Amino acid sequence: MIRNYIKTAWRNLVKNKVFSFINVFGLAVGLACCMFIAAYLYSELTYDTYSVNSKQLYRVGVYALGNGSVANFPMVDVAVGQGMKNAYPQILASTRLTNKPVFVSYKDRKFKEQKVAVTDANFLQLFSIPMIQGATKTALTEPHSIVITAELAKKYFGSESSIGKTLKVNNDLMKVTGVIDKIPDNSHFHFDAFISMSTYPDQPQTWSNVGYYTYLLLGKDADPKKLEAQFPQLVAKYVVPEVQHDMGVSLAEAQKSVNSFKFYLQPITDIHLHSSTKYDIEPNGDVSYVYIFGALAVFILLLACINFTNLSTASSAKRSKEVGIRKVLGSLKQWLITQFLVESVMLTLFSMIFALGIVFLLLPYFNDLSGKHVSISFFINYNALLIGMGLTLFVGLLAGLYPAFFLSSFKILNVLKGSLGTEPAKKNFLQSSLVVFQFTISTALIIATFIVYQQLHFMQNKKLGYNKDQLLVLSDTYSLGNNEYAFKQQLLRDSRTVNATISTNIPGNGNVGGTQVYPQERTGDENKNEIHMNIYQVDGNYLPTLGISLAEGRNISPDFPADSASAIINQAAVHELGWDHTEPIGKTIVRSGRRAFTVVGVVKDFNYTSAKEKVAPLMLLPVHRHGAIIMRIKPADASGLLRDIRKQWDDYKVDGPFSYYFVDEQFASLYASEQRTGQIFTSFAVIAVIIASLGLFGLAAFMIKLRVKEIGIRKVLGASSAKITGMLSIEFLKLVLTAIFISFPVTWFAMHHWLQDFAYRIDIQWWVFAIAGGIALAIAFITISFQSIKAAIANPVKSLRSE
C-alpha cells in the first residue's frame, strides 16, 4: 500500500509541475535559511567549548562603581590569579594573558605582529590548544620562549623547521619552542604567538589595578557562587591597603573608596555572548542576536510551511473528484490522510535535497555575510543527516496535516455534483489567518530592516565632536626614538600637511588609560564626587589637529611651564565632578597616587569610543609619550604624500616597518557587527516577503477557483474585467492591511527595546511604518493581480458550461 501511495504521489507531483515546483522551491528556501541560521547559532553557542576544561574554567573580572554606574573590567591585576589560588583550595590552577603587539624580525623579514600574547606557562595546557611541534606542558616554562602558529612559522621560516629557531621580538631574542595549528574559530581570543610571561619577571605584585586577563581552573565540585562570596575578604586584605597607600587617606576612607570594588567569576563559555565591554580581547557576540536569529529561523520555517499549506489547498479543487471516486470505491478517510501525508513528506524530501543544493551554492556568501567559517561538512555528516531526516518528516507532517484532513473531508455528493466550494467563507478562515500571519512577519522584518539601517547611518554620520576625515595615523613612531619629534617637524614642513601631533590616544582605537579622581575641594560625603576618569596623554597640537573645540579655558601650551601639572577635561567630567553650576577653570583634581592637576580648559564632549557608548569623563594630560603621529592632511595627492613619508621613514633606518591607517576607516570598523546585522535582516526580509507572496499566490488561486462560476455569471450580467479584478483584489488586500496594522505595535516594541543598547539612538519615525506598509501592500497587490486579472479576462462559457 505504501508503494501505491508513493506511486500516486509521484504521479500527482509530475502532473502538477508548476504547483509542485513552487511548493518545492518555497519550502527549500525556507529550509535552507533554517540550515544557515542553525549553523550561525551553533557557532555562537559553542564558543570556548573546545577545551577539555571548558566547564571548569572561569575568567576573573572586577566591578567598580564609577560615574553613577558600575564599570565592568574583564581583567584584573597581576597578583590576583595566583593570590586566589593560594587562598582557596577549590581553585586548582590559575593562568594569565595580556596583549602585546610587537615587532618581529628574522633575517630580512620584519613585520608588526598585532596578535601576540604574553601568557603563563600553563595557559596552552589549560585551554587544550594542541601542538604540532613541541610539548604543551613545557613550551613556555623558560624565559624568552615563544610558541607560534603554523601560519606564522611559514611566514618567517618558509619550509624550514621552526623549532629552536630564534626570532627577534622588539629588542629581545626569543626561541621558538612550539608550533600550534591555529586557535579554533569559536574562541574568544585569537593570537598568532604566545610569549612566556617569565620573560618579564619584574612586575609589581599588586591587586588594585587591571590589565591581566586571568583564568581559574576550579575543581569539579567547586561552587563558583560560594567562591565569589569569599572574594570580599581578599579585597579587604589586599586592595584596601594599596588604595590607602596610593591615595594617602585613612584606612576607613580607603575602605569607603573600594566599597563597590567586587571580583566576580564568569564561565569562559559565557564570555562570547555575555561580555561586551570595550576592554574584551576581541569584540564579542550578543545573546540578544541569538534569540533574534533563533526566532527568525522558526518564523521562516513557519512561513514556508504555511506557504506549502496554502498552495496545497489552492490545488484542492483539482483533486476533489479523485477524492470522491476513491471514497465511492471504499477508501477510508485514514487511508486518504496517509496518502496526502506521504505526498507532503515526498515534497519535503525533494525540498530538503534542493535546500542542500542552495546551501552548497550560497555557503561562501553566507560566510562572508556572517563572518563565520562554516564548511559544507557541517551539513553533511551522520548527525546532520539524522537531524535532516527528522526535520524532513516533521516539516512534511506539519505542512501536510491540514491539507490532508481538508482534502479527505470532502463530501462525496458535493464533489461528484461539482458543487465544491459553495461555502467558501466558512472554509477559508484558516487560510486567511495564515496569510495574515505571513505578512505580519514580513512587514515586521521590513520595518526592522529600515530601523537597523537608520541607526547604523545615524552612528556613522553623527557629529563626533572631532573631524575624522583626512586624519592619518602613522603607527609605532616610538621606534624612531629621539628622532620622533624631528620626524613630526619634518612632516609639518610639507605643504600637504595641515597639522600633526604625537599621541597614542586616538579616538576609536580603544587605547585609553583610566584612574579614580576626586576634586580637591570635596563637600559632604567624602566619596560623593570620586569618579573614574579616562586619560589621554597629548601635546599642545592635539586639539587643533583633531578639530576638538574648547568650551571654555585654554589649550595646554609649552609657553606655560606650569602646564606639566595642568589638565583639560571634557564636559562629561565637569558634570560628574559636580561642577555644573560653578566655574571649573582653576579647580584642582587629585588622582590616585596623590598627584594633583589644575584644570585649565574644558573641551566639548567628543566620542572617543563608539557612538554606542555614552561619552565618559576624560582628562587630557600634557605628557609627551612616544607612540604615534596623527596628521591632518589635505585631500589632494594623499598617495604621493604617503610615498614621500615612507621614503623619509626609511631614511631614518628604523627598526620596524612603516605602517599607517586613516581614522575614518577605523571608525567604520567599529560598526561592522551592526552592518552585518543590517545585511542579514535585509536578506531574511526579502526571503520572508518572497515566501509570503507565494502563500498569497496560493490563497488567491484557491479562493478564485472556488468563485470561478460566480465570476462567470457576473461577466454574463455585464460586469467589466476591471470591476471583477477590483472585487477580487480588495478581499485579499484587506488581509494584508490587517497584517500590516498588527505588525506595527509589535515591531515598534521590539525595535524600541533593541535601540536601548545604544547610548545615542534614533527616534522611531511614523513614516518608517508607512513606507514598510506601502511596500508590503504593493508586493501583495502585484501578487494578487496576476490571479485576479487572469480570472477576470477568462471566457465565462468555460466556467458555466456544466450548468
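**View 1. Ser128 sits in a loop between a helix and a strand.** Ser128 is found in the loop that links helix H4 (123-126) to strand S7 (131-133); helices (H or I, at least four residues) and strands (E, at least two) are DSSP runs, numbered from the N terminus. This is a predicted model, where local features need pLDDT of at least 70, side-chain atom pairs count only at pLDDT 80 or more, and totals for chains, interfaces and linings use all residues. Residues are numbered from 1 along each chain as its sequence is written, and side-chain values use heavy atoms, with hydrogens and water left out. Ser128 isn't a glycine, yet its phi is positive, about 55°. Most residues other than glycine have a negative phi. With 23% relative accessibility, Ser128 counts as partly exposed (buried is under 20% relative accessible area, exposed over 50%, partly exposed in between; 1.4 Å probe, protein chains only).

**View 2. Asp476 is in the loop between S14 and H17.** Here's a positive phi again: about 55° for Asp476, which is not a glycine. Is Asp476 buried or exposed? At 8% relative accessibility, Asp476 counts as buried.

**View 3. Thr477 lies between strand S14 (471-474) and helix H17 (484-492), in the loop.** Thr477 is buried, at 0% relative accessible area. Skip its neighbours within four places in sequence, and Thr477 is in contact (heavy atoms within 4.5 Å) with Glu484, Gly627, Ala628, Ile629 and Trp649. Look at Glu484: its side chain makes a polar contact with the side chain of Thr477 (2.6 Å). A polar contact is a pair of N or O atoms within 3.5 Å; within protein, one must be able to donate a hydrogen and the other to accept it, and residues adjacent in sequence count only if both atoms are side-chain atoms.
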